[in-house]
Amino acid sequence: MRVYTHEACLLHDTGPAHAERPERLRVVVDALREAYPHLDWRQAPIATRGQLLRVHSEHLLEAVLESNPAELMQLDPDTVLSPRSAEAALRAAGAAVAAVDAVMIGAARRAFCAVRPPGHHATSDAAMGFCLFNSIAVAARHAIDAHGLERVAVVDFDVHHGNGTQAIFEHDRRVLYASSHQAPLYPWTGDRSETGAGNIFNATLPPGSDGALFRRIWGDRLLPAIDDFAPQLLLISAGFDGHRRDPLAELQLDAADFGWLSEALVALADRHCQGRVVSALEGGYDLDALAECSVAYLRALGA
């Protein structure tokens with residue numbers, strides 16, 4: 001198992017008391033190093049401007065990369081730009097690109113990007129919801145443009161709907177997007193009726209939903225859709241904020257539920273895409289739960 005991270009991702013400063021804080025990444029990295037001493041750790045490279053422009057506008061690149069704030073700068077009520085945020089965002093997207101390259105050339109079967117800021121809320125031209133660049137979307141388009149893939153599946157089990165990923169790909173049949181998420185909840189998108197070009201599959205979970213319902217909607221609807229799509233590469237937005245202790249949502253999941261889904265996704269990857277799975281860390285805001293879930297998740301992926 002290859003893991004990409006970088007110290008720069010710890011320097012993205014969101015200010016005091018912000019939920020998306022550097023400690024999140026520290027606990028994930030520390031927990032994985034302790035649990036799996038033989039992981040193949042790699043430094044996340046910087047994404048190129050051309051890689052970002054496959055899914056993002058010049059306007060967004062300028063806002064993130066050229067603002068050069070001397071102190072904290074609010075891009076929206078939730079999303080902060082600090083003096084070191086640009087490199088963190090570039091490294092997060094670069095990690096996802098490098099991970100795709102690694103699995104496509106056979107240097108690794110599976111890769112996990114332990115990075116921040118998260119990405120799945122970022123649209124083509126706007127940073128939002130703690131997210132600056134949409135790393136998993138950058139990775140998907142890199143897989144298509146650089147490696148010639150025709151079917152890439154993006155799986156998102158973060159408790160919040162990945163509105164940015166959906167918006168970027170909703171008219172691109174080469175990408176299937178499958179998401180479970182709490183509703184109602186920020187960003188107030190992701191209804192089952194949102195189907196794109198027939199490539200978008202959303203499943204909503206009401207507040208208080210437990211692991212049994214989570215497993216049922218994946219087993220009955222989302223996993224079969226991915227199976228029918230027969231992806232050549234599986235990309236995962238791995239958010240663990242559906243855990244019952246998370247302060248930003250109201251689902252009642254635990255680490256075993258994320259492990260169950262991961263095992264099912266590995267089986268799909270083994271069946272359709274030679275086991276190739278790339279994951280990027282998204283949400284998860286209770287530090288103990290985040291560490292526990294990350295360990296369980298990588299165990300299911302074969303760490």
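## Helix H4

Helices (H or I, at least four residues) and strands (E, at least two) are DSSP runs, numbered from the N terminus. Helix H4 covers residues 85-104. This is a predicted model, where local features need pLDDT of at least 70, side-chain atom pairs count only at pLDDT 80 or more, and totals for chains, interfaces and linings use all residues. Residues are numbered from 1 along each chain as its sequence is written, and side-chain values use heavy atoms, with hydrogens and water left out.

How far apart are the end C-alpha atoms of H4? They are 29 Å apart. The expected span of a helix is 1.5 Å times one less than its number of residues. H4 is mostly covered, with 18 of its 20 residues buried. Buried means under 20% relative accessible area, exposed means over 50%, and partly exposed lies in between (1.4 Å probe, protein chains only). After H4 comes glycine 106, which has a positive phi near 85°.

## The nonpolar core

A nonpolar core is a set of buried Ala, Val, Leu, Ile, Met, Phe, Trp, Tyr and Cys residues joined through side-chain atoms within 4.5 Å. The largest one here has 102 residues. Which part gives this core its largest share? H4 does, with 14 residues.

Phe157, Trp218, Ile226, Leu234 and Leu235 have the most contacts inside the core. Take leucine 234. Among the residues that leucine 234 touches are Ala153, Val155, Ile226, Leu265 and Cys273, leaving out residues up to four places away in sequence. Contact means heavy atoms within 4.5 Å.

## Cysteines

How many disulfides does a search of the whole structure find? It finds zero. A disulfide is a pair of cysteine sulfur atoms within 2.5 Å. For cysteine 113, the nearest cysteine sulfur belongs to cysteine 9, 9.6 Å away. For cysteine 273, the nearest is that of cysteine 113, 16 Å away.

Are these two cysteines buried or exposed? Cysteine 113 is buried, at 0% relative accessible area. Cysteine 273 is buried too, at 1%.

## Salt bridges

Side chains of opposite charge can pair when their charged atoms come close. A salt bridge is a side-chain nitrogen of Lys or Arg within 4 Å of a carboxyl oxygen of Asp or Glu. The structure holds 18 of them.

One links aspartate 40 to arginine 2, with the closest N and O atoms 3.1 Å apart. Aspartate 40 is in strand S2 (residues 40-43) and arginine 2 is in strand S1 (residues 2-5), so the pair ties together parts 38 residues apart in sequence. Aspartate 40 is partly exposed at 27%, while arginine 2 is buried at 9%. Arg2, Asp40 and Arg42 are linked in a salt-bridge network.

## Two further pairs

Helix H4 holds a pair of its own. Glutamate 87 and arginine 91 form a salt bridge, 3.1 Å from N to O. Both lie in H4, four residues apart, about one turn of the helix. Glutamate 87 is partly exposed at 24% relative accessibility, but arginine 91 is buried at 15%.

Glutamate 292 and arginine 245 also meet, at 3.7 Å from N to O. Glutamate 292 sits in helix H9 (residues 287-301) and arginine 245 in the loop between strand S9 (233-238) and helix H8 (255-272), so this pair joins parts 47 residues apart in sequence. Glutamate 292 is partly exposed at 39%, and arginine 245 is partly exposed at 32%.
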